[in-house]
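Here's a quick briefing to read with the structure open beside you.

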Amino acid sequence: MANAIEIRNLIKKFGDFTAVNDVSFDVKDGEIFGLLGPNGAGKTTIINMLLTLLTPTAGRITVGDMDVSKKREAAKQMMGLMTQETVVEADLTARQNLDLFAHLYHIPADQIPKRIKKALDEAELQKFADVKAGTFSGGMQRRLGLVRAMIQEPKLLLLDEPTTGLDVQNRTTMWARLKDLNKEGTTILLTTQYLEEADELCDRLAIIDHGKMIALGTPSEIKRIVGAGRMLEVIVKPEDVNRVVSLLKARFELTASVKGDRITAALDRDGESEFTKISAMLDHEKITVLSIGAHLPTLEDVFIKLTGAGMRDASGEMQGGRMTNIRWR
Ligand SMILES: Nc1ncnc2c1ncn2[C@@H]1O[C@H](COP(=O)(O)OP(=O)(O)O)[C@@H](O)[C@H]1O
Ligand SMILES: [Mg+2]
């Protein structure tokens with residue numbers, strides 16, 4: 001398969017600070033590729049270098065066989081973009097927003113009305129065509145932002161945190177639309193802070209933290225980093241955490257990670273009996289167990305394993321072993 005994007009040894013320094021630290025990955029034609037990482041990881045900086053809005057300190061970026069530093073305009077013309085900050089221009093109406101981008105991307109004048117109509121239909125904003133986008137709800141702005149990014153019908157779509165701040169319903173709508181666009185042939189590179197979003201949408205993803213890429217692969221490949229079996233999860237009183245970690249090591253040879261009062265450890269592929277024994281042991285040691293369970297490895301388990309325990313203050317909740325909208329910060 002051909003590569004839509006190739007990024008090689010990309011580095012970006014701001015003074016002494018390295019925001020992007022030797023990142024390399026490919027986005028294949030036809031896939032949805034995700035850059036997953038917490039705030040400040042370097043995601044937007046990478047997108048800005050792709051768009052030639054920032055000049056890399058070192059490294060190479062190719063879009064559709066073109067070195068973006070040499071073929072700036074041609075490369076930009078191939079990419080649709082929805083940025084993180086200005087999703088849409090607030091002082092312009094929906095129609096004016098679309099018209100602006102149609103002109104920016106040099107769409108022939110006789111085709112513009114047709115394209116705008118199609119975009120308004122797709123975003124279900126026909127009734128709001130002549131209303132200022134600044135008055136729109138978050139979900140409406142995002143829908144407009146997406147069809148605006150697609151106005152020149154690019155083969156490649158870049159989305160910087162397309163669903164951050166959206167409620168669950170609008171997020172689900174956005175996911176469905178992105179999957180449709182992808183099925184229709186659009187290659188997508190998106191950034192996200194949401195583990196669940198990366199898992200749901202991406203064919204492959206890279207996890208980045210502090211400018212460094214710490215994992216790359218399909219969601220299932222990445223999850224296998226923590227093991228093939230289930231993850232044990234125990235919540236105990238704060239004063240018992242260290243003791244439980246020691247007991248898991250001494251009695252079961254398990255290396256546990258701790259985040260707050262939550263202790264996790266990868267069980268063997270056949271974790272059933274181990275799980276039962278651990279429960280019995282905690283009971284026998286008279287440790288008050290606030291919660292105990294086992295779940296399939298999640299991307300969060302991977303992140304904790306790779307970056308060390310307690311590095312992020314996740315505010316997510318586990319529901320029946322499934323993560324819901326976990327954010328790192
Ligand atoms: N123009 C800039 N000057 C100095 N530091 C910057 C600049 N842009 C971004 N940074 C820093 O680089 C790091 C990565 O930022 P960014 O790419 O925006 O992260 P993300 O999009 O993953 O949240 C952050 O620590 C940020 O403060
Ligand atoms: Mg960003």
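Let's begin with helix H11 (residues 299-307): seven of its nine residues are buried, so the rest of the structure largely encloses this helix. The buried ones are Leu299, Glu300, Asp301, Val302, Phe303, Ile304 and Lys305. "Buried" means that 20 or more other C-beta atoms lie within 10 Å of a residue's own; 12 or fewer makes it exposed, anything in between partly exposed, and the C-beta atoms are placed from the backbone. Helices (H or I, at least four residues) and strands (E, at least two) are DSSP runs, numbered from the N terminus.

A word on the source: this is a predicted model, where local features need pLDDT of at least 70 and side-chain atom pairs count only at pLDDT 80 or more, while totals for chains, interfaces and linings use all residues. Residues are numbered from 1 along each chain as its sequence is written, with chains lettered from A and ligands numbered from 1 in the order in which they are written.

**The whole chain**

- The chain has eleven helices and 16 strands.
- Along its principal axes, the C-alpha trace spans about 80 × 45 × 35 Å.
- Of the chain's 329 residues, 38% count as buried.
- Take the contacts with a separation of 6 or more: 69% of them link residues 24 or more positions apart. Two residues are in contact if their C-beta atoms, placed from the backbone, lie within 7 Å.

**Around ligand 1**

- Which residues surround ligand 1? They are Phe14, Phe17, Ala19, Gly37, Asn39, Gly40, Ala41, Gly42, Lys43, Thr44 and Thr45. To be near a molecule or strand, a residue needs its C-beta atom, placed from the backbone, within 6 Å of it.
- Strand S2 (17-28) and helix H1 (43-50) are the elements that give two or more residues to this shell, and H1 has the largest share, with three residues.
- By class, the shell has four nonpolar, six polar and one charged residues. Here Ala, Val, Leu, Ile, Met, Phe, Trp, Tyr, Cys and Pro count as nonpolar, Asp, Glu, Lys and Arg as charged, and the others, Gly among them, as polar.

**Two helix pairs**

- Two packed helices are described by the angle between their axes and the distance between the axes. The axes are lines fitted to C-alpha atoms, for helices over the stretch in contact, and angles run from 0 to 180 degrees between N-to-C directions.
- Helix H3 (residues 94-104) and helix H4 (residues 112-122) have axes that come within 10 Å and cross at roughly 130°. H3 and H4 are therefore oblique to each other. Angles under 35 degrees count as roughly parallel, over 145 as roughly antiparallel, 65 to 115 as roughly perpendicular and the rest as oblique.
- On the H3 side, Ala94, Arg95, Leu98, Asp99 and Ala102 meet Ile112, Arg115, Ile116, Ala119 and Leu120 of H4. That contact of H3 with H4 has seven nonpolar, no polar and three charged residues.
- Helix H5 (residues 138-149) and helix H6 (residues 168-183) pack at an angle of about 15°, with their axes 10 Å apart. H5 and H6 are therefore roughly parallel to each other.
- Gly138, Gly139, Arg142 and Leu146 of H5 make the contact with Asn170, Met174 and Arg177 of H6. Sorted by class, the residues of this H5 and H6 contact are two nonpolar, three polar and two charged.

**Residues to click on**

- Leaving aside neighbours within four places in sequence, Met79 is in contact with Leu51, Val63, Pro154, Leu156 and Leu158. Met79 and Leu51 are 28 residues apart in sequence and 8.2 Å apart in space, C-alpha to C-alpha.
- Leu254 lies in the loop between helix H9 (241-252) and strand S12 (257-259). Leu254 has 19 other C-beta atoms within 10 Å, so it is partly exposed.
- Glu153, in the loop between H5 and strand S7 (156-160), has a phi near 50°, a positive value in a residue other than glycine.
- His210 also isn't a glycine, and has a positive phi of about 50°. Look for His210 in the loop between strand S9 (204-209) and strand S10 (212-217).
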